[in-house]
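Thanks for coming, everyone. I have one structure to walk through today. Please look at it on the screen while I talk.

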Amino acid sequence: MRHIIHAFLAVLLLALPQIAASPARAEGEAAAILTQNRDLVAKASRQTIGPVIDALAASGDPTAAQILTAWEARRLGQRKSDGAFFLLAPTADGYALTAPDGTAAGTAPKADITELKPNAGVRGLIATALVQFTLSDPDPAARAAALTSIARDPAAAHLEPLRASIDGETDPALKAQKQRLERLLALQYGASAAERIAAIESFGADLGLDIRGALNPLVATKRIAYAANPPAGANLARTLTPGTDIPRTEAYDLLVAANLAPARLTPEEQTAALAANLVNGSVGGVALADLNSQPARDRAYTALETAGTVPPAATDPEVEAALQAHTFAEVYAEPDAEVTAAAQAALKRIGLTVGAMQVADLSLDALSLASIYFLAAIGLAITFGVMRVINMAHGEFIMLGAYTGYVVQLFITNYTLSIIVALPLAFAVTFAAGVAMERLVIRHLYKRPLETLLATFGISIALQQIAKNIFGTQARPLTAPAWLDGAWVLNDVVSISYIRIAIFVLALLFLGFFLWLMKRTRLGLEVRAVTQNPAMAASMGINPDRINMLTFGIGSGIAGIAGVAIGLFAKVTSELGSDYIVQSFMTVVVGGVGNIWGTLAGALLIGTLQKGIEWFNPSNTLAAQTYMIIFIIIFIQFRPRGIIALKGRAAGD
Amino acid sequence: MTKGFLAKNPSILIFLAALAAFTLLVTLGSEALGLSFISTSMVKTLGKILCLCLVALAMDLVWGYAGILSLGHMAFFAVGGYMIGMWLMYARTEEIVIAALAQSPLPATPEEIRQGIATQIFGVVGASDFPPIWAFAHSLPLQLILALAVPGLLALVFGWLAFRSRVTGVYLSILTQAMTLALSLYLFQNDSGLRGNNGLSGLQNIPGIGEPSQAAVSLWLFWASALALACGYVLLAWLVSGKLGSVIRAIRDDEQRVRFLGYSVESYKLFLFTLTAILAALAGVLYYPQAGIINPAELAPIASIYLAVWVAIGGRGRLYGAVIGAALVTLLSSWFTGGRVPDIPLGFATLKWVDWWLVLLGFGFVAVTLFAPQGVGGLVDKLQGLRNPDRKGAPLGPDDGSLQEKEAVE
């Protein structure tokens, strides 16, 4: 706002020489209007001040804008001695005064001046009036700001000034924006139905939120009860039959609200009325002790009603009769039927496009969720999928990676550089942790897979608690570099944040890395050999111990890198890993153990499913996860070995 | 038959005697009846530990004897608790609402009472109507049946699905863990009808019995827990000492071979899985009135893993092992986290046991798995002079940790 005001003052200074050339009629008129409405201006309220502001804006006096701006900025004051208005500019010991006609009027101490303090409502009116001046402002920023302000709070009064300013617009972008805004205003406030319909049609199936925002009020309906048939002029959306289109109680409430029927008795009112008419231990002939059921209470109330002690209340048959006697209809707030029809058609058109776009957006979301699951699970695809070692501490390796990223950021404040350092460092840290774990624990348990699960779980709770002791329970930030901020916005519906794109790319990179490692390197060959038959591999000169250690280390290291990536969008806490561990195992199991393509398919399936279920019930991600897990349990029934099952000797049994 | 059964299993008598002595000791020491050297909260803690011992027994049967590492039994435990909690909360709120409505000039109608209870219970989640699952909450017998039937049915359906498709080993563990996670996530929602993450509270007040002191209530529940544990122990001991016990141990050691011998492996597993789920639910029914509150965090997958930890530390494949493990670990845990263990100053920092107990438990557990797969129960073997047969390096079976009775006795 301040910016606009400054721009304004600059404009006014430039415009000064023109004042002399402007018609003499307008000169001083603004000052005169102010003086005439002195009391109104001094005690301005939103209800009363409108005409004065309009008169000022329409006066044609070049100082009007100046006066309005000053008024809005609380720099308009009144001299206490004679009530004259002045524009104020604060000085060291008071105000420098400028008369409303633009001439300097000396200075005055603060005590002599009453500053006008218009409230928010009045300032809003002033801002609207100022729009016509701002729309032709030489400063493009001021013009853009004016357009934003109109778009935020459109009013019929804006339409004419806006139209007038389009031809003079030099900036092509602003011109397009003005034209769009002009059509938006025209469809709401246009003079004739034809003009409005033309404006509606001109948008086609535009996806903008603004057009939907402008169209929705046009098709807004209100439910109204009529004593007879609806009046001829009403723009009916449809008539309502109580019981089918509208619940009976709601229909009756409409009648009550329209004063067409007596109010129904609420239980509280009935209780109060009965309690008030308690005479000698009975009400209307019914003993107090018997009043513990609804029928007895109704009987007592009817007795009171016939006696005339309580106002009559509608009984069920009366309600029924009243509902029969009246008609109910949904009526458009917009009176013109052609306009509403055009708006309905436009909204339907837009709805179709929006639906298609939402499917696209959902697919993007699902893809991004799938890549997160894939990242979290790819380490497991190595340790569990290839080596068949259940590592419950996998989630804690993810956490370890995320904390490594956090610690690196403590030392390297450049976020880009710190991420570049953190990725290999996280790999190194978790690689070391994985190797240590393999050497110390897992090696001794290869023959006892269930106990590997338990032992690694012991490590998992220990690691989690150590992280909690070191870093505390509150979440630590892992900040993404600035170039990953924001989102890639295709239109108002489809958008995806850059971090998610980065994670997608990272997931693809890892997929490539895994394939290369297993299929193209000596290590991969040896890993596959050791997994299939350790004894045979050993007799071929491969050291199974070393291979197992390296494989486990690589799997853990990848978990560390995934941790950095996950930490970028999730809060880094000691429980980060346990949030992903079950889903990761699910991903591997559903996809098919021992096959990277299976893990990919599993991640895609789980991601798509979860997003798909969320779409049906967007408010409830917990339910989505529940149903997803139930689906997986059932899915395992039909494909116990996962989507892509290994066959033959590779299956291992 | 009975004589032979007890004579073959002297450990049952020893266990029952120890449990009876312990119950007597607590009764004598309680504030309600005895010398008041055991506080009411301690009686509650001990009663809860007895319930945990019962659920550990169930876990031992399903894991130690049948080799199914279920990570879902704490879910059955909590579902049982939820079911009994519904009645406790309903009946208790009913008493309060009736007392409040008695102040009004007219006698209350049943609708008013029901509405009042619903508003009281569901106000926190912004609802004021009873969800359908509360249909039987007004009746203790019905709700008690549900408390055992719902977890039992859940286990039956889940087990049927899982065993039918031959999901075994670690896959089954992961699947049961997923089931637990799904249940807990479901209960975390506000519209699950069980008050979302607020859970059910005020369960320590038993309705319908006037206003006895908490000291008395805690002692009654303690007795009930001790009785349930004793019955559960005898039942399971009888079960595993017979033919059924031999078959399920055989399933653990070599499932394929048992199947080829003509046994219906799936039926045996399903029976055990369901039976132990019901036992776990029974333990939950007794546990939560002593705990006073239940919320979805109780079903988190980690709780079931802790259950496995207790059984592993106590010693698998022997019923007394499960009891020892559960009692030992929970007692130690409440001792360490209760701040009663002196902190150890290390010069540069102080080792606070409240913070480091879980680390100790985690690594201790790893050590037990690696070096003493038979857990504390292994000590009993040493005392009795039992040795593992020397198989010249060949494994005894797939599950070295479990007691393999007949073979181990040389």
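I will take the chains, then the sheets, then the contact between the chains.

Some ground rules first. This is a predicted model, so local features need pLDDT of at least 70 and side-chain atom pairs count only at pLDDT 80 or more, while totals for chains, interfaces and linings use all residues. Residues are numbered from 1 along each chain as its sequence is written, and chains are lettered from A and ligands numbered from 1 in the order in which they are written.

Start with chain A. It has 26 helices and twelve strands. Helices here are DSSP runs of H or I with at least four residues, strands are runs of E with at least two, and both are numbered from the N terminus. The radius of gyration of chain A is 37 Å, well over the 26 Å that the globule rule gives for 653 residues, so chain A is more spread out than a compact globule. That radius is taken over C-alpha atoms, and the rule is 2.2 Å times the number of residues to the power 0.38. Along its principal axes, the C-alpha trace of chain A spans about 110 × 90 × 55 Å.

Now chain B. It comes to 16 helices and four strands. The C-alpha trace of chain B spans about 85 × 55 × 55 Å along its principal axes.

Back to chain A and its domains. Domain 1 covers 2–134, domain 2 covers 221–332 and domain 3 covers 356–651. Those bounds come from an automatic or database domain assignment. The C-alpha centres of domain 1 and domain 3 of chain A lie 66 Å apart.

Next, the five-stranded sheet. In what order do the strands of this open sheet run? The order is E4-E3-E2-E1-E5 in chain A, with antiparallel pairing. Two strands pair if DSSP finds at least two bridges between them. Strand E4 (104–108) and strand E5 (113–115) of chain A stand at the edges, each with a single partner strand, so one side of each has no neighbour in the sheet. The twist averages 40 degrees from one strand to the next. For that angle, axes are lines fitted to C-alpha atoms, for helices over the stretch in contact, and angles run from 0 to 180 degrees between N-to-C directions.

Strand E1 (residues 76–79) of chain A pairs with E5(A) over three bridges. A:Gly77 has A:Glu115 as its bridge partner in E5(A). A:Gly77 also stands opposite A:Phe86 in E2(A). E1(A) and strand E2 (residues 85–91) of chain A are joined by three bridges too. They form a hairpin with five residues between them, and A:Gly83 in the turn has a positive phi of about 80 degrees.

Keep going. Five bridges join E2(A) to E3(A). Two residues lie between the strands of that hairpin. A:Pro90 has A:Tyr95 as its bridge partner in E3(A). Then strand E3 (residues 94–98) of chain A meets E4(A) through three bridges. There A:Ala96 is partnered by A:Thr107. The hairpin of E3(A) and E4(A) has five residues between the strands, and A:Gly102 takes a positive phi near 100 degrees.

E6(A) and strand E10 (residues 327–332) of chain A pair over six bridges. Within E10(A), A:Phe328 stands opposite A:Ala225.

Now the helical part. An unreviewed UniProt entry lists "transmembrane region" for several spans of chain A, including 366–386 and 549–569. Such annotations may be inferred rather than shown by experiment, feature names are shortened, and positions are given in the numbering used here. Residues 366–386 of chain A are 100% helix and 0% strand, with end C-alpha atoms 27 Å apart. Residues 549–569 of chain A are likewise 100% helix and 0% strand, with ends 31 Å apart by C-alpha.

Last, the contact between the chains. It takes 45 residues from chain A and 46 residues from chain B. Contact means C-beta atoms, placed from the backbone, within 7 Å. Which helix gives the largest share of the chain A side? H19(A) does, with 14 residues.

Technical notes. Two residues are in contact if their C-beta atoms, placed from the backbone, lie within 7 Å.
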